[in-house]
Structures are given as C-alpha cells and as structure tokens.
Amino acid sequence: MDNPRFVAWTRRRIGLAMGSLTISLAGFADARPINARNKKKKRCKTLRQACNPAGRRCCHGRTCGGDPAFGQFCCKQGGEPCRGNGECCNVQCVQNLCALN
C-alpha cells in the first residue's frame, strides 16, 4: 500500500469528495424557497404622492383622486380626519375633517 500511484489516486478522490460535499452544503445555506428569495416587495404610493388609477395602489386604503386638471394624487375621502387641505381629494379640510363632496 506504499505505492505512490495509489496514494495519489486516494488523495485525489478524497479531495474531489470533500469539494463536492462543501459545494452541496453551500447550496443549503439559504434554505428559503426559490420563489421567496426572488420575490420583490410591492410598494404603494403615500399620501399626496402623484398616482394613476390604473397604476400602483395608494397606501392604507387611500384613493387616487383630486383635480384631473392639476393631476391626481393619493388622498383621503370626505369625512376622514385631515391636517390640511392638501390631504383631501376635494382639497377642503374643515375642522380637521375632509369636507364631503
């Protein structure tokens, strides 16, 4: 068993086996399913951000409205609490509530 060819052959085979084992274990490092790794988070438009009714939705159940002449934006409907005129679809914030149409 002191044959140098046998020793070289054994060393080569063990090296290949260890390399294959290392590569196969590296594949399990990220155990999430493939579709979960590649899935991108869909973002929504925030309040007062320009929007398109056919495009991305507005966050928190807001609607894409406003004056079509000035452009549409994500806004609050009538009766919802507001801090200023820019948050309401009809552009009127009366006593911290969006005015009804």
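Trainee: Which cysteines form a disulfide with sulfur atoms 2.1 Å apart?

Mentor: Cys-88 and Cys-98 do. The general idea is simple. A disulfide is a covalent bond between the sulfur atoms of two cysteines. The working cut-off here is a pair of cysteine sulfur atoms within 2.5 Å.

Trainee: What should I know about the model itself?

Mentor: It is a predicted model, in which local features need pLDDT of at least 70 and side-chain atom pairs count only at pLDDT 80 or more, while totals for chains, interfaces and linings use all residues. Residues are numbered from 1 along each chain as its sequence is written, and side-chain values use heavy atoms, with hydrogens and water left out.

Trainee: Is the disulfide of Cys-88 and Cys-98 left-handed or right-handed?

Mentor: Read the torsion about the S-S bond. For Cys-88 and Cys-98 it is about -85 degrees, so this disulfide is left-handed. Cys-88 lies in the loop between S2 and S3, and Cys-98 in strand S4 (residues 97-98), so the pair ties together parts that are 10 residues apart in sequence. Strands are DSSP runs of E with at least two residues, helices are runs of H or I with at least four, and both are numbered from the N terminus.

Trainee: Are Cys-88 and Cys-98 buried or exposed?

Mentor: Both Cys-88 and Cys-98 are buried. Buried means under 20% relative accessible area, exposed means over 50%, and partly exposed is in between (1.4 Å probe, protein chains only).

Trainee: Where do Cys-82 and Cys-93 sit?

Mentor: Start with the bond. Cys-82 and Cys-93 form a disulfide with sulfur atoms 2.0 Å apart. This link is right-handed, with 100 degrees about the S-S bond. It connects distant parts of the chain: Cys-82 is in the loop between strand S2 (73-75) and strand S3 (93-94), and Cys-93 is in strand S3, 11 residues apart. Cys-82 is buried at 5% relative accessible area. Cys-93 also counts as buried, at 18%.

Trainee: What is the S to S distance for Cys-44 and Cys-59?

Mentor: The disulfide from Cys-44 to Cys-59 has an S to S distance of 1.8 Å. With 95 degrees about the S-S bond, the link is right-handed. Cys-44 and Cys-59 are both in the loop between helix H2 (34-38) and strand S1 (63-65), 15 residues apart. Cys-44 has 24% relative accessibility, so it counts as partly exposed. Cys-59, at 11%, counts as buried.

Trainee: How many disulfides does the structure hold?

Mentor: Six. Count the bonded cysteines along the chain, and the pattern reads 1-4, 2-5, 3-6, 7-10, 8-11, 9-12.
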